[in-house]
Structure formats: C-alpha cells, structure tokens
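These are my notebook entries on a two-chain model. I record what I looked up, entry by entry.

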Amino acid sequence: MNFEAFRKIENSVFYALLGVFGLIAAAGMGAAYYMESHGHVVTGMTNQIVWGMPHVFAIFLIVAASGVLNLASLGSVFGIKVYKVRGMLSGLLAIAMLAGGLTVLMLDLGRNDRLIVAMTHLNLTSVFALNVFLYTGFFSIVAVYIWTMMDRKMHDYSKYVGFAAFIWRLALTTGTGAIFAFLVARQAYGTALLPPMFIIMSFSFGLAVFLLVQTAMYRWNNRQLDPTIQRRLKNLLAVFVAAVLYFTLVYHMTNLYFAKQSAFERFILLDGGIYTTLFWVGQILLGSLLPLAILFHPEMGKKCNWVIVASLLVIFGGFAQLYVLLIGGQAFPLSIFPGYEVSSSFFDGRINPYSPSLPEFLLGFGGIAVAALITTVAVRVLPFLPDDSVLHGETAGE
Amino acid sequence: MSKMDNSRRLFIGAGAAATAGLVIAPGVTLLDLAHARPADEAASSAKRWGMLIDSSKCATGCNDCVAACGKENGVASTGHPETDPQWIRKVELKEIKTGTSHSLPMMCQHCAEPPCVDVCPTGASFKRADGIVLVDRHICIGCRYCMMACPYKARSFVHEEHEDQNPDVPRGKGCVESCTLCVHRIDRDQQPACVESCKEGAMLFGDLNDPNSEISKRIATYATTQVRADLGLNTGVRYQGI
C-alpha cells in the first residue's frame, strides 16, 4: 500500500484540512447552540414549514451515506475488483456521512437535550424509531465490514458481511424514504414510490460524493487515477443519474393523472416560484441533463476534471431535488377542505413562505464538516485510500 | 333503669347516624352530581369524548372560542404570527363552485386512528383511553414529525419561551402541542373552555360512546361530517352544516 507516501505528502494538507473543517463544524455547533437557547423562532422555520434547511442537509447526507457504500458492495457482493479496493474508503465515507447527517438531525430537535429519551422510548409504529435501529445497525455492520476488508485474517468473511451491509443499506434508505411515504397528510408525500426513489437517489448522490473525495485524495498524493477505472465509474454515475430522472418522471406523471393532485403539480412544475425554478433549472437541467451530457460526451467524459464538474452538478441537483420535495411539499397548503377556498389566521389555504436563516445553513454545513473531519482523521491513521497496485497484471474490471 | 339505658342507647345511635350522614352525604351527593373520576382512577375506554360543531350557528367574525381557549390554556400571541402556536382557529370556507360560505372552528380532531401517534418516535404523542389525543411533554423531543403527519394542521411547535402559563397547562419551548380538549377541565367534569364560551350553542361536547348523550342523539339524527373522512381516521370532532 502507498500508505507511507500518502501520510508524508498529506502532512501539511492534513492540518490545513483539520483547521478548515474544524472551524466549519464549530460554526455549526455554535448555530445549534444559538437555535437551542433562543428557540426555533430565530430560524426561518415556522408552524407551516416545520422542517427546513437542516433537514435538507441531513437527508442528503443520510441518503448519500448509504449510496456511497455501493462501491464496497459492488466489490464484495458482485466481486468486481476495481470496486473492491475502493471498499474501505467507501465504508468510511458511509459512516462519516451518516454521522454528519444524524448530527444535523439531532441538533435541530426542539429538545436535543433529550437524545437519551429518543433512544430509550421507542414507539415501534414510528418509522423514525425504526430508523434508530437502522442507523445504529448500519454503523456497526459497516465498521465490521471495514475490519473484514482491512484485516487479512478476516478477508474470508468480507463477502458475507458485505452482503449483510448491502441488504442493510437498502433497508436504511427504504426507511429514510418511508419517513415521507408514510405521510398521508400532504400531497407531495404518501406514495410508495418514495422509498425506491430514495434508493436510486442514494446511488447517484453517493457515487458523485465518492468520485469527488477520491479525486481529492489522489491529487494530494500526486497520483493518477487509472483511466479505465475512471471510465467505469463515470458511466455508472450516468446510469444512476438517468435512473433518478426516470423516477422523477414517474412520480410527476402519476400525480398529474390524479385530478386531486393537479393543483400541487401545477405549483411545483409551473407557478411555484423558487420551487419551479429549482426543479427545472436545479434538478433537471443542471443536476441531471448537463451532467449526463458531460459524462456521455466523447471528449469531456474522458477528462477527470469534467467528471468532477459532473459530480458537483449531481450533488447540487440532489440538494435542489430534496429542497423541492421537503420545503416545496410543505409550502403547498394542506388540503383540509377539498372543493373549498380556505382562509384563517393560521395561514390555511395559502402558499407558505420560507427563507432559510444563517444558523440553519451553518448547522447544515457543520454536518458536512463533521463528515469531512471523520474522513480526514481516519485516512490519516488507517490505510483507507484505494490502492490500485493490486490490480496490476489483471484486467481492471474482471 | 333499663328504660333509661334504652333511650340513651337510642340517642347515641341516632346521633352517630346523623353525624355519619352529615359527613358522608355531601361527598356522596357531590360525587353523584359530578360523576367526576377520582384522581387515581385511570381514564376508561368506556367513554369516548367528542364534539359536534354546527357551522350554521357559527358566525363569521366571532372568535369567542379562540379567545376562551387562549385564556384557559395560556396560549397567547407573541407578535410572531408564523411561529405562534394556535390550538384552535376560525376557518372561513367558500365553496369554489357555488360561493356558499361557512365559518367554523378547527382544532385537533382527536382521531381514533391518529397519524400523529403512529409517527411519534418516542410515544410522546398518545391517545388516552377515553379518546383524547395528547402530547406527553416529558418525552417529546421536538422532532415535529407529528406536525408533518397531521392532516388538520392541528399541531404547533413552541418556538420560544412563554411566560404566564396556566398551572394546569404547562407548556415548554421546543415541544409540540395542540388542543387537549381541555382535559384538565374534563377530569373535573367541566366542559372544554371553547364549548362553554360559545353563546350560539354551536359546539356540543359529550360522550360518543353513550347512546343517550345529547351528542350521540344528534349524530344519530342529523347528517354530520368528519373532516377528511376519506382518510378513515374516525375523528372525535364532527361537523354539521358543511
């Protein structure tokens, strides 16, 4: 392994990264303290938009966390060597991002001092409570998975643990999608399409994050990524992006077919202001079509930098998609009295405004910084970086 | 001698009976009058508390029920309308096709199958045996999942500190809350504050499980509506006139 070389080169970069991520994480914690001590009145969230920007960040991180583990699964479960050597980094990123996402989710609670209550009082009809098991199980299984990949003596078990991790990550993202799928009250949610859609979103967002992190680490080591590997990964990303587009299409087409959903669809697709813009420009154009064009372009698709641009666009598109689903889904008023025009002092029947506040952004970025800190420290102390030298003499994609 | 003994015995006996009667009777009478449940007795599923609201008697602009609820439960405006909790609100309805308008109070519908209870991760959202849906503020973590799940927008999150609380109704920043059907009054055999305040008699409170209660008789006689009946939540609050 190139572990020694990696450590030497990274020495200066390591402390710089630690400083930058540490500062952002500290700002996030400060924001959480500010929100906690003053109450959520200092945020943009209201009794109409009850989940805001922190949830967009948290759900992105949690969804991408399970997706980023796919590289390891492809290696262990499906036996593809190129991915196998990326298994450890993929497992590490999965743990780090889940930790980052959960940090945001926990710190946004109205009573985050009652975390122990959340862990000891479990209502098993709640998908949130089931997710507590899915999250803790994910941490444990992936940790064991990394161990089986890292320790030569444990290699024999890697395939089995990898298989368990693969099943678990599907359950975990199903659980995340089910948070919304189980909501009958609001028109954006309450559909069984959401859990599988979240799974395919996790494939796409997770791989985009992996490609970014991998490139950054190769650069710090002055190493070149094998063009064959690069090509395989970018093609895989393109397939995932297209699959998310397909699910998005089915989601909206199904809604458009139901007369009771037409006002909601009109809001998202035509006259929803920021939500319409984020949908068409953010998710569809910049987050899906443009990266697809880059990835399939005969010249650009081969260039590492363009693949990075495509990955960044996919991540941006992912945030746009979650913002439209989460915030747009709440901005559209509840249909309490279908067939009536409704008004009240509680903003019934009105499109609910939302302006995310600075503390919410800081908390969200703080979660990303927590994930980045965990990754930075872990790659410093253990050999997580993909080592393609083991592939020499073999066909990369066997 | 024996005659004297007998009369003394009779006198003491009569005195004791009279004293016992004086001591016990008021309690028995009060208990009988009030039907109040002793404090150490759990709520029973033999009852299901509910409400019938007649929108034809509910006047646009009248806010008496909202004011009474605010006073009873210490729910007051802080000047931040978008984050202020509202336990009960007046909703104005206009039918899109005909223009027919209605005015009615909207609050927690105290569902028999409450989505807020299903989704609550800690069990803080719960339904009491007598059908009242409540939040246990000791274990509410403020995740707001119940607010996402409620089809009636009945729940509010407490966004800031609140002073001047009613000792019967403790409230806390960072928790979710909603109409309790004035559970503290019901347990003292009083009506919910909103019902008591309604001069038009548009709100009727009672036991839906008792076929002889006024509310049950009215529901058996007139066409009543459950809001979003399509969701099959079997609401404890019913409406007449919409």
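**Entry 1: helices α11 and α12 of chain A**

The axes of α11 (residues 262-271) and α12 (residues 274-296) of chain A come within 6 Å and cross at roughly 70°. Axes here are lines fitted to C-alpha atoms, for helices over the stretch in contact, and angles run from 0 to 180 degrees between N-to-C directions. I noted I268(A), L269(A), L270(A) and D271(A) on the α11(A) side of the contact, and Y275(A), T276(A) and F279(A) on the α12(A) side. Two residues are in contact if their C-beta atoms, placed from the backbone, lie within 7 Å. By class, this contact of α11(A) with α12(A) has five nonpolar, one polar and one charged residues. The classes are Ala, Val, Leu, Ile, Met, Phe, Trp, Tyr, Cys and Pro as nonpolar, Asp, Glu, Lys and Arg as charged, and the others, Gly among them, as polar.

**Entry 2: conventions**

I recorded that the model is predicted, that local features need pLDDT of at least 70 and side-chain atom pairs pLDDT 80 or more, and that totals for chains, interfaces and linings use all residues. Residues are numbered from 1 along each chain as its sequence is written, and chains are lettered from A and ligands numbered from 1 in the order in which they are written. Helices (H or I, at least four residues) and strands (E, at least two) are DSSP runs, numbered from the N terminus.

**Entry 3: packing around α9 of chain A**

I then turned to α8 (residues 155-181) and α9 (residues 194-220) of chain A, whose axes come within 7 Å and cross at roughly 130°. That angle makes α8(A) oblique to α9(A). The contact draws on residues of α8(A) including L170(A), T173(A) and F180(A), and on residues of α9(A) including L194(A), F198(A) and S202(A).

L89(A), S90(A) and L93(A) of α5(A) meet V209(A), F210(A), V213(A) and Q214(A) of α9(A). The residues of this contact of α5(A) with α9(A) divide into five nonpolar, two polar and no charged.

**Entry 4: F166 of chain A**

Leaving aside neighbours within four places in sequence, F166(A) is in contact with S73(A) and V77(A). F166(A) and S73(A) are 93 residues apart in sequence, yet 6.0 Å apart in space, C-alpha to C-alpha.

**Entry 5: chain B**

I found seven helices and nine strands in chain B. Of its 242 residues, 40% are buried. An open sheet of three strands in chain B has the order β8-β1-β9, with mixed pairing; strands pair if DSSP finds at least two bridges between them. β8 (203-207) and β9 (237-240) of chain B stand at the edges, each with a single partner strand, so one side of each is left without a neighbour in the sheet. Strand β1 (residues 49-54) of chain B runs parallel to β9(B), joined by four bridges, and M51(B) has V237(B) as its bridge partner in β9(B). Helix α7 (residues 214-221) of chain B lies across β1, β8 and β9 of chain B, at about 110° to β8(B).

Seven bridges join β2(B) to the antiparallel strand β3 (residues 101-107) of chain B. The two form a hairpin with five residues between them, and G99(B) in the turn has a positive phi of about 80°.

Strand β1 (residues 340-344) of chain A runs antiparallel to β2(B), with five bridges joining them. Y340(A) has E95(B) as its bridge partner in β2(B).

How values were computed
Parallel < 35°, antiparallel > 145°, perpendicular 65-115°, else oblique. Buried ≥ 20, exposed ≤ 12 C-beta atoms within 10 Å, placed from the backbone.
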